[in-house]
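Work through these exercises with the sequence and the 3D view side by side. Try each task before reading its solution.

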Amino acid sequence: MIKGFGGIFWRTKNLEATKKWYSEVLKLDIENWNGIKPQVGNETIFSFFTEDDSYFPIEQQVMLNFQVHDLNETIKHFEQIGVPLAKKIEISEFGKFIWIEDPEGRLIELWEK
């Protein structure tokens, strides 16, 4: 019945600054309706976590995960524009992962499968 995950929606204190950050740092093409169109071949995972799971900050209700083509190129891009990694790279059977924080301190996970 369900074809795939439709999106993640959340409130932000400063819409324009947040849109600008996601556009510049993650190079997302944000439409004039404040959303992002999925790209062909995108793989989206939706997962539930317990209230006390430490995978991402307990005070953060939602964490975004973006799949990237090349994590090393992504890291280089972040270094060039001065965006520090929030945690060091992790490699597991699921792929390679890094984390950054958005302007409001939300942890964002970036993943190369």
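**Exercise 1. The two sides of a helix**

Which residues are exposed on the other side of α2, away from its buried residues? Remember that this is a predicted model.

Solution. 

Step 1. Find the helix. Helix α2 covers residues 71–81.

Step 2. List the buried residues. In α2 these are Leu71, Thr74, Ile75, His77 and Phe78. They cover an arc of only 160 degrees around the axis, so they sit on the same side of α2.

Step 3. Turn to the other side. There, Glu79 and Gln80 are exposed.

Step 4. Ask what the buried residues pack against. Their partners are α1, β2, β3 and β4.

**Exercise 2. The ends of the helix**

Which residue caps the N-terminal end of α2? Which residue just after α2 takes a positive phi?

Solution. 

Step 1. Start at the N-terminal end. Aspartate 70 is the cap. One of its side-chain oxygens lies 3.0 Å from the backbone nitrogen of asparagine 72.

Step 2. Go to the residue just after the helix. Glycine 82 has a positive phi of about 80 degrees.

**Exercise 3. An enclosed strand**

Why is strand β4 described as largely enclosed by the rest of the structure? How do β1 and β3 run relative to β4?

Solution. 

Step 1. Count the buried residues. Strand β4 spans residues 107–112, and six of the six are buried, so the strand is largely enclosed by the rest of the structure.

Step 2. Check each face. Leu107, Glu109 and Trp111 are buried on one side. Ile108, Leu110 and Glu112 are buried on the other.

Step 3. Pair β4 with β1. Strand β1, residues 64–67, runs parallel to β4, and four bridges join them. Glutamine 67 stands opposite tryptophan 111.

Step 4. Pair β4 with β3. Strand β3, residues 95–101, runs antiparallel to β4, with six bridges between them. Lysine 96 has glutamate 112 as its bridge partner.

Step 5. Inspect the hairpin of β3 and β4. Five residues lie between the strands, and glycine 105 takes a positive phi near 85 degrees.

**Exercise 4. Charged pairs**

How many salt bridges are there?

Solution. 

Step 1. Give the count: six salt bridges. Side chains of opposite charge can pair when their charged atoms come close.

Step 2. Look in helix α1, residues 15–25. Glutamate 16 meets lysine 19 at 3.6 Å, N to O. Glutamate 16 is exposed, at 52% relative accessibility.

Step 3. Take the other pair. Lysine 20 meets glutamate 24 at 3.7 Å, N to O. These two are four residues apart in α1, so about one helical turn separates them. Residues three or four places apart in an α-helix point the same way, because there are 3.6 residues a turn.

Step 4. Find the network. Salt bridges link Asp102, Glu104 and Arg106. Between glutamate 104 and arginine 106, the closest N and O atoms are 3.2 Å apart. Glutamate 104 is partly exposed at 30%, whereas arginine 106 is buried at 16%.

Note on methods: Residues are numbered from 1 along each chain as its sequence is written. This is a predicted model: local features need pLDDT of at least 70, side-chain atom pairs count only at pLDDT 80 or more; totals for chains, interfaces and linings use all residues. Side-chain values use heavy atoms; hydrogens and water are left out. A salt bridge is a side-chain nitrogen of Lys or Arg within 4 Å of a carboxyl oxygen of Asp or Glu. Buried means under 20% relative accessible area, exposed over 50%, partly exposed in between (1.4 Å probe, protein chains only). Two strands pair if DSSP finds at least two bridges between them. The arc is that of the directions from the helix axis to the C-beta atoms. Contact means heavy atoms within 4.5 Å. A polar contact is a pair of N or O atoms within 3.5 Å; within protein, one must be able to donate a hydrogen and the other to accept it, and residues adjacent in sequence count only if both atoms are side-chain atoms.
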